[in-house]
Amino acid sequence: MAAVEHWIGNPVSRALLRFVACHDECGDRLSNAIDQYLGMDGEVCWKCRLAGKLVGYTLDKSSRIFGVSSEEIKKGLAEPVFKRGLMNVLNGISRYGITRPQIINAPFLVVWDFTHRCNLACRHCYQNAQAALPDELDTTEAKDLIRELAGAGVVVIAFSGGEPLMRKDFFEVAACAKDYGMYVALASNGTLITPGVARRLKEAGIDYVEVSIDGKDAASHDTMRGIDGAFERSVAGIRHCVEEGLYTCIATTVTRDNYDEVPAIHELAQELKVTRLICFNFIPTGRGVEMAEKDVTPCQREELLRFILSRNGPGRFPEVLSTAPQLARVAIQGKDPEGVPVGHFHLGAGLSGKTRMLADFIGGCGAGRLYCSIEPQGNVQPCVFMPITVGNVREEPFLAIWHNAGVLRQLRDRELLTGSCGSCENKYICGGCRARAWSYFHDLTRPDPGCIRNAAIWDEIEREASHTRAWTTPWLWASPSGAGETYLQWEGESAAVTPQSGSAPAPAAASAKTK
Ligand code: SF4
Ligand code: SF4
């Protein structure tokens, strides 16, 4: 990493990057430069050709550092999504320099809660979804937003909700994202995915379908989902997706209720032949505030993360991941310290052995740094699980919000972390889940109480809860130091807290993502 920092982060390299990362009469010079590197013909000026040489030199040197051949890099870049991702990183370095962790020019991933409407009533729903909001972005606004996000350099758009398939214009808007070369994901409860819908998803070019399964059987899943028969329909939806050859993932929100069922859910994932199983951290927010006492203990989470890592390896399926950023810390303490899952952005087996280096660069919580979410009415948040509104796309350009919002800038700076996360040697590859810090302490800089290293803090939370008999009481929000409102004072800016329904008095960050 030091070599990368020295080589790309020095002032001369950054000046050259700024020369490359600009627009002129030829269009996007960086895009033209990559095309030149790939040997594509095109009428471009001498500046674009020079930029092509610089980018080629940079990529060839990078490929040697990461132990990948130039041919592999070129093959990857032929995919529009990889090209978009690389442009995003290089534009980010030209703007921010090499940072640890790296800040990029636009989020890699935007999760768009496409509608508040849902046909289930899940107990842990971060959106508290039910009926559509009266002011959701309409089809024209939705397509305008897609155009804006694509222009900003966003690589992946994930339609979430509510249940995205409840909106009649889902396929029209998703097709628009595909037309702009984006990687399109759908997070669904699966109950509406009939064979015909799965075929349409395939024909529309949807790249990734994630269906939530929260129990090993109907008794467990339907209790969590609030509707009898949900399990059967969700499993059928998964089968239809797999039959269509869609990249299909099962997402499981792990709580004390289903913790013991994770091995059985893993077996179910194998039986259904999905490509990935992802275990979502439970974070008390939305309706999840009402069941905060179901959060697993740090010991349980640690065991779960070890289980997850033990189920991965060459030739094993499905790939198993977690949204808990501590997964990277557990991995480096394990058998293969170099093969570190890079947060929510697992890079796959191809880079095994090099991911430790990348984890230092891009790892850990990505909220506000690699990723953000957008609510149905256009509110931008750092993470779906963090109900802090930092702007609205109806009122401001998306990139202006991304670059300027104080909360996002705070989240990008791990030096601001306090307590054990602040002093932790793993803060660059982990950093703790900032939504959990917000949920429990109403302070983005405090430690994530779900980590085994913060077990003493967790014990204090449990002790307090047993005294007050109220897990939903945000007992630490009124921090004696006043640190609990840190983000509000960021350079004189303020941010609105999105109201959540439920008994909690004000905010509360997110529960695990649930569809
Ligand atoms: S806040 Fe938590 S859920 Fe959100 S990106 Fe960070 S680690 Fe993931
Ligand atoms: S102390 Fe914080 S940064 Fe360190 S591993 Fe735990 S959650 Fe991650």
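Which helix does Leu-77 lie in? Some notes follow.

1. Leu-77 lies in helix H5, residues 70-77. Helices (H or I, at least four residues) and strands (E, at least two) are DSSP runs, numbered from the N terminus. This is a predicted model: local features need pLDDT of at least 70, side-chain atom pairs count only at pLDDT 80 or more, and totals for chains, interfaces and linings use all residues. Residues are numbered from 1 along each chain as its sequence is written, and ligands are numbered from 1 in the order in which they are written.

2. Leu-77 is buried, with 21 other C-beta atoms within 10 Å. (Buried means 20 or more other C-beta atoms within 10 Å of the residue's own, exposed 12 or fewer, partly exposed in between; C-beta atoms are placed from the backbone.) Leaving out residues up to four places away in sequence, Leu-77 touches Ile-34, Leu-38, Phe-82, Lys-83 and Leu-86. Contact here means C-beta atoms, placed from the backbone, within 7 Å. Asp-35 is 42 residues from Leu-77 in sequence, yet 9.0 Å away in space, C-alpha to C-alpha.

3. Helix H12 spans residues 262-272, and its buried residues are Val-262, Ile-265, His-266, Leu-268 and Ala-269. They line one face of the helix, because seen down the axis of H12 they fall within an arc of 160°. That arc is of the directions from the helix axis to the C-beta atoms. On the other side of H12, Pro-263, Glu-267 and Glu-271 are exposed.

4. The cover over the buried residues of H12 includes strands E7 (248-254), E8 (276-281) and E9 (319-322), and helix H13 (298-310). Just after H12, Lys-273 takes a positive phi of about 60°.

Definitions and conventions
Contact = placed C-beta atoms within 7 Å.
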